[in-house]
Amino acid sequence: MVLQRTVFFVTYAMALAFACFLCAVDSYDRPPPRKNLFVSPWTMIKILLLQNRGSGFMFYVCVHISMVGQDKMRISWITGSHSPATVDYGTSPGAKGFSATGTTNSYRYLTYKSGEIHDVVIGPLNPNTVYYYRIGSNPGPEFSFKTPPSSFPINFAVVGDLGQTEWTSTTLQHISQSNYDVLILPGDLSYADLNQPLWDSFGRLVEPLASQRPWMVTQGNHEVETIPLLHSKPFTSYNSRWRMPYEESGSGSNLYYSFEVAGVHVVMLGSYTDFAANSAQFKWLQADLGKVDRGKTPWIVVVIHAPWYNSNTAHQGESESIDMKKAMEALLYGARVDVVFAGHVHAYERFTRVYNDKPDKCGPVHITIGDGGNREGLATKYIDPKPEISVFREASFGHGQLQVVNATHALWSWNRNQDDEAVASDSIWLNSLPLILPVNFRRNLFQLI
Ligand SMILES: *[C@@H]1O[C@H](CO)[C@@H](O)[C@H](O)[C@H]1NC(C)=O
Ligand SMILES: [Fe+2]
């Protein structure tokens, strides 16, 4: 079985290599921290008292949605006390017509106890359609979201190292003005840094956006949150609050998964879990990339936290960059991944197509977009002279947009916070690296294996 898989993959890699052979082929002020939006413990107590009086008032926060398979959506939210994991939804205001129930969990972190965290998967849903939904049994305010399209074009918003400062607000404001379908976050979400109520505050901050469009996230170093002797389990809060569709992509861990939307295969990797050549993540990645049908999804996008390519002086020499790249870069290259997004470095940088530290027509474009607006400020120092493979680098807060127009063309742009949303500071057309071999030929080839 293992041997068969290995043979399969080697042959697959060779086919891809063959296909490639054919393929013609300033300085800024450190931002002040944003005032926390959450709710002190005292406020929480008052809310609980109110609820117990039977006022019918249901306290909920942190509503966000994420894609599950091609036509379902997971609705996640938190309540201050016991309430059912139920969502009513429909295509017109009033959210009538359909109902679904899900699961509830909670976690403890030192003396902190989370609210009830609810996850409900709804669907099947139609593509490119607005749905209205209500959560819990006591109808609270109504939310709505739009499902992503099922075919090109599709627009992704990409933003890393978000945090919760005034800069974060500006970034979110710009993202909300863009016409995006799905948000991709390459790690470092709340910067709660062990202070758990800040996770609630982050959930509230992003709720206006994250309740309307799917937010697909992966985790960074700020999500680990272990304390020697006191709390040894990593990612406790992240895994409880930001459940992603890992089972659906055959992954055994919420820390890495993939999903497909409108002709794009997106792989979310975990930089802070095992990535070595014999690790579960590596084997899963190998199998996941092996299953991609470039006829169906001409684009492959990979998302990590610690960048494999980086000419900023920040975060040089970290194992998550060097060793993960060493372990996995050949896999990505073999699968003809189009773009790799990373965060971690609080600045923007775009590389040319690159493999093994050299420009390579068949390698992915690496982009660092860790400039969402967190409280640690910008990484302003760069290695001089600029390496040849680095095309554009700048330390400003902002976000990116990947507009995949069709099977071969996508427009990538980076929008600086100082400019209007409409102004792209860096912009480039990308061409996909689809398998040149016709789909049928490929299918036949694999049947021979
Ligand atoms: C894909 O989009 C690009 C950019 O708009 C366009 O030039 C090209 O003709 C399109 N390709 C097809 C097959 O429509
Ligand atoms: Fe980070």
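Four strands form an open sheet in the order E1-E2-E8-E5, and their pairing is antiparallel. Strands (E, at least two residues) and helices (H or I, at least four) are DSSP runs, numbered from the N terminus. Two strands pair if DSSP finds at least two bridges between them. The edges are E1 (60-68) and E5 (103-105), each pairing on one side only. From one strand to the next, the twist averages 20°.

This is a predicted model: local features need pLDDT of at least 70, side-chain atom pairs count only at pLDDT 80 or more, and totals for chains, interfaces and linings use all residues. Residues are numbered from 1 along each chain as its sequence is written, while chains are lettered from A and ligands numbered from 1 in the order in which they are written.

Look now at E1 and E2 (residues 72-79). Seven antiparallel bridges join E1 and E2. Tyr 60 stands opposite Thr 79 of E2. Helix H4 (residues 197-210) lies across both strands, at about 55° to E1. Axes are lines fitted to C-alpha atoms, for helices over the stretch in contact (C-beta atoms, placed from the backbone, within 7 Å). Angles run from 0 to 180 degrees between N-to-C directions.

How far does confidence reach? The protein chain averages a pLDDT (the predictor's confidence in each residue, from 0 to 100) of 87. Of the residues, 83% score at least 70. Over residues 46-57, pLDDT stays under 50. Residues 435-449 also stay under 50. Where pLDDT is low, the predicted coordinates should not be read in detail.

Around ligand 1 are Val 405, Asn 406, Thr 408 and His 409 (C-beta atom, placed from the backbone, within 6 Å).

Key. Two residues are in contact if their C-beta atoms, placed from the backbone, lie within 7 Å.
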